[in-house]
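Subject: Handing over a structure

Hi,

Here is the structure I promised to pass on.

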Amino acid sequence: MAFPTHRMRRLRRNSALRSLVRETTLDVDDFIMPLFVCEGSRIRREIAAMPRNFHLSPDLAAEECREIRDLGIPAVILFGIPEKKDATGSSALDPNGVIQQAIRKIKAVAPDLLIITDVCLCEYTSHGHCGILKEQEVDNDRTLEILTAMSVSHAEAGADLLAPSDMMDGRIGAIRRGLDDAGFSHLAIMAYAAKYASGFYGPFREAADSAPSFGDRSSYQMDPPNAREALREIELDLQEGADIVMVKPALAYLDVICRARDRFDAPIAAYNVSGEFSMVKAAAQSGWIDEKRVALEILTSIKRAGADMILTYFAKDAARWLS
Ligand code: PBG
């Protein structure tokens, strides 16, 4: 006989009671802030579809990182916007490339901030695909060689953690071997393990100028209806040596995060992607929702689903809201 013996409302009566029984809490330590780095100096250009996010030249990216560190956010993830693109994405390997420069500048001003680098060719290739092409197809195994060289180049510049996001088969193993051979066996890999071919990346592709010039990414990124396949992707990446596995996007894939949490003991990251951010911003700007409330609710839901860390464009705002 449940009611009236049991009354669930008893523990909701005031905020002290609610805080005692709260199952999930967000903390600034959970956040990773994505940054877009472009070439040049003194550049800070707002991205239209992503309010308060900018294209930053390496010098201003370093200033931004000081602020991020001062807010208590433990890590950033860097995306490069190179000046020159070509068919093989060769500027990704340039020791003086935009990311390599940014890493050095950031380390000089915020040495304790963790620098994660996105390892993917789509921002560097003229065709915008995440790998090298053979005719109209992405050539998996040749792409691995370039991704490995790109990872070593980021490591040499001082990156703390490599985050391959291309979804080629075997990249985690290839990058792990490449890092180990180059003397970087201490650096961890955060694998974008279950990354879906998603419409939620729209604003990012404008921000990173990385939309594919033909076709789409569904021959390498995952098909949205599949969840068991995500668990296989994660399992393979862990076998190949991934230290952290990611589910991306987050919000439309909370079930995948939850199933991964149940199945694996490795740390799980979730990417609250650009479209998830921009939708909240746009609705808030129209006065239709309360931005702070909705953003914190979304971030809490991602954590409640089982993510240990969240890549989010709300990181700075959320750090302020939570302090
Ligand atoms: C690069 C990459 C993408 C994102 C992160 N790394 C875009 C894509 O795959 O098209 C998306 C991030 C976001 O939307 O916030 N491959």
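A charge sits over a ring if NZ of Lys or CZ of Arg is within 6 Å of the ring centre and within 35 degrees of the ring normal. By that rule, the charged end of K248 sits over the ring of Y201, 4.5 Å from its centre, and over the ring of Y271, 4.8 Å from its centre.

Before going on: this is a predicted model, with local features needing pLDDT of at least 70 and side-chain atom pairs pLDDT 80 or more, while totals for chains, interfaces and linings use all residues. Residues are numbered from 1 along each chain as its sequence is written, and side-chain values use heavy atoms, leaving out hydrogens and water.

Y271 also turns up in an aromatic cluster with F36, F79, Y192, F204, F277, Y313, F314 and W321. At 1% relative accessibility, Y271 is buried (under 20% relative accessible area, with exposed over 50% and partly exposed in between, using a 1.4 Å probe and protein chains only). Y313 is buried too, at 3%.

Now the ligand. It is surrounded by 18 residues (a heavy atom within 4 Å), and the closest are K195, R205, K248, S274 and Y313. As for polar contacts (N or O atoms within 3.5 Å), a polar side-chain atom of Y313 lies 2.6 Å from a ligand oxygen atom. Polar side-chain atoms of S165 and D118 each lie by a ligand nitrogen atom, S165 at 3.4 Å and D118 at 3.5 Å.

Cheers

Conventions: Rings of Phe, Tyr and Trp (its six-membered ring) pair if their centres lie within 6.5 Å; planes under 30 degrees apart count as stacked, over 60 as edge-to-face and the rest as tilted. A polar contact is a pair of N or O atoms within 3.5 Å; within protein, one must be able to donate a hydrogen and the other to accept it, and residues adjacent in sequence count only if both atoms are side-chain atoms.
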